[in-house]
Amino acid sequence: PEAAALSAADADEVPVGAPVCVFCARGAHPVCGRLIPVSPGCWAHVNCLAWSSEVVETVAGDLTKVHSMLQRTRKIGCAHCGQPGASIGCNVHRCKRSFHLPCLGPAGALVLADRRVYCEEHRSVKAAARGSALHELPLADRRMRVQPSKRSSPEDWPHGHWLRVGALTVLHRGERPQKPGDPPAGYVARRRHWSTLREEESCWYELRISGAEDGALAFSVLSEHEPERPIECTSALEAVRELYARLRAVSTKPARTRVHYPYSAASFFGWSLEPVQRALHGDERGAAGGAAEEPEEVRNPSGCARAEPVKWRGGGGAGPT
């Protein structure tokens, strides 16, 4: 079969309150892949998005035209199961059949390697013969992110919802600063990064930005492995430098092979990342603080320690600059 089917028993196993795909209405699924956020409280499988007829993926992994396609597919029923959310249409122009991704196989549809799809009635057309059939859908395991709607604003992201970018999970966006790119007071995030206690292991870090009445900000880093040793500084740079001093202290590797964090402290905390800036400022652009972060995001879009390049240094390895 071109795609695996999801049985009714599998659908019943989705825990109450667990996120489900806004298109196929399934939870975790081997064919559809992982769930990523589309908007606050709205999720979609990466493969359901990648195979949708109108969605375009950029080189950076941003998925565009998702929100307009979502509005349209809410009224389109699947030709196999009849449920709404069918986002994959037959490539024959006059054909009106659309499907959910996990319904392609049971419906007898033909799936080609160049992402063309033909329903069972049109799988024998000449255009369908000019392509290689896929008997197993490849999982989209690369970094992918839904490009926010142009109509999005800070109010669209209420407290209680969270945003994930690579290894960073933003729990609270904090208060909107006067200038885009500045650190927001009340910001809370969690990042998966190397442990300061156990070499070669990773752990969660809680990252906080607290504001005082006089406007001063305090930056704290709390390790899951060392909750009794929080890092508390008056700047994000000092906090990240202290973190990497502890990482170097626990490392038994030669100095020249130690991992060095090559990005800014704002990128480590995460407030300068574009999804967070959009949540804080909507479509506002042009601040020097935000623009300075863009080249660094391209160098490591995932923000994950495992994806960082190793810096070979002759000395003891300097902290972030």
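Biologist: Over the face of which residue does R191 lie?

Modeller: R191 is placed 5.1 Å from a ring centre. The ring belongs to F268.

Biologist: Is F268 buried or exposed?

Modeller: The cut-off for a buried residue is under 20% relative accessible area. F268 has a relative accessible area of 0%, so F268 is buried.

Biologist: What is the geometry of the pair formed by F268 and F269?

Modeller: A pair of aromatic rings is described by the distance of the centres and the angle of the planes. For F268 and F269, the centres are 6.4 Å apart and the planes stand at 70 degrees. Planes over 60 degrees apart count as edge-to-face. The pair is therefore edge-to-face.

Biologist: How is the aromatic pair of F269 and W271 classed?

Modeller: The centres of these rings, F269 and W271, are 6.1 Å apart, with 55 degrees between the planes. F269 is buried at a relative accessible area of 0%, and W271 is buried at 6%. The pair of F269 and W271 is classed as tilted.

Biologist: Which residues form the aromatic cluster?

Modeller: The structure holds four aromatic pairs. F268 with F269 is one of the pairs, and F269 with W271 is another. The cluster consists of F219, F268, F269 and W271.

Biologist: Where do the buried residues of helix α3 lie around its axis?

Modeller: Helix α3 spans residues 66-73, and its buried residues are V66, M69, L70 and T73. They cover an arc of only 105 degrees around the axis, so they lie on the same side of α3.

Biologist: Which elements are included in what covers the buried residues of α3?

Modeller: The cover includes a helix, α2 (46-50). It also includes the strands β1 (35-39), β2 (42-45), β4 (62-64) and β9 (145-146).

Biologist: Which residues does T64 contact, leaving aside its neighbours within four places in sequence?

Modeller: T64 lies in strand β4. T64 has a relative accessible area of 15%, which means that T64 is buried. Its contacts are E54, V55, V56, T58 and Q147.

Biologist: How far apart in space are S132 and D114, C-alpha to C-alpha?

Modeller: S132 is found in the loop between α4 (126-129) and β9, and S132 is partly exposed, with a relative accessible area of 49%. Not counting residues up to four places away in sequence, S132 touches V111, L112 and A113. S132 and D114 are 18 residues apart in sequence, and their C-alpha separation is 7.8 Å.

Biologist: What share of the residues in the chain is buried?

Modeller: The chain has nine helices and 15 strands. Its accessible surface comes to about 16500 Å², of which carbon and sulfur atoms hold 52%. Of the 321 residues in the chain, the buried share is 46%.

Biologist: Over which residues is the pLDDT under 50 or below 50?

Modeller: The mean pLDDT of the chain is 77, and 74% of its residues reach 70 or more. Where pLDDT is low, the predicted coordinates should not be read in detail. One such stretch has 23 contacts beyond four places in sequence and covers residues 1-12. Another has 72 contacts beyond near neighbours in sequence and covers residues 285-321.

Note on methods
Residues are numbered from 1 along each chain as its sequence is written. This is a predicted model: local features need pLDDT of at least 70, side-chain atom pairs count only at pLDDT 80 or more; totals for chains, interfaces and linings use all residues. Side-chain values use heavy atoms; hydrogens and water are left out. Buried means under 20% relative accessible area, exposed over 50%, partly exposed in between (1.4 Å probe, protein chains only). Helices (H or I, at least four residues) and strands (E, at least two) are DSSP runs, numbered from the N terminus. The arc is that of the directions from the helix axis to the C-beta atoms. Contact means heavy atoms within 4.5 Å. Rings of Phe, Tyr and Trp (its six-membered ring) pair if their centres lie within 6.5 Å; planes under 30 degrees apart count as stacked, over 60 as edge-to-face and the rest as tilted. A charge sits over a ring if NZ of Lys or CZ of Arg is within 6 Å of the ring centre and within 35 degrees of the ring normal. pLDDT is the predictor's confidence in each residue, from 0 to 100. Accessible areas come from the Shrake-Rupley method with a 1.4 Å probe; for residues, only the protein chains shown count as cover.
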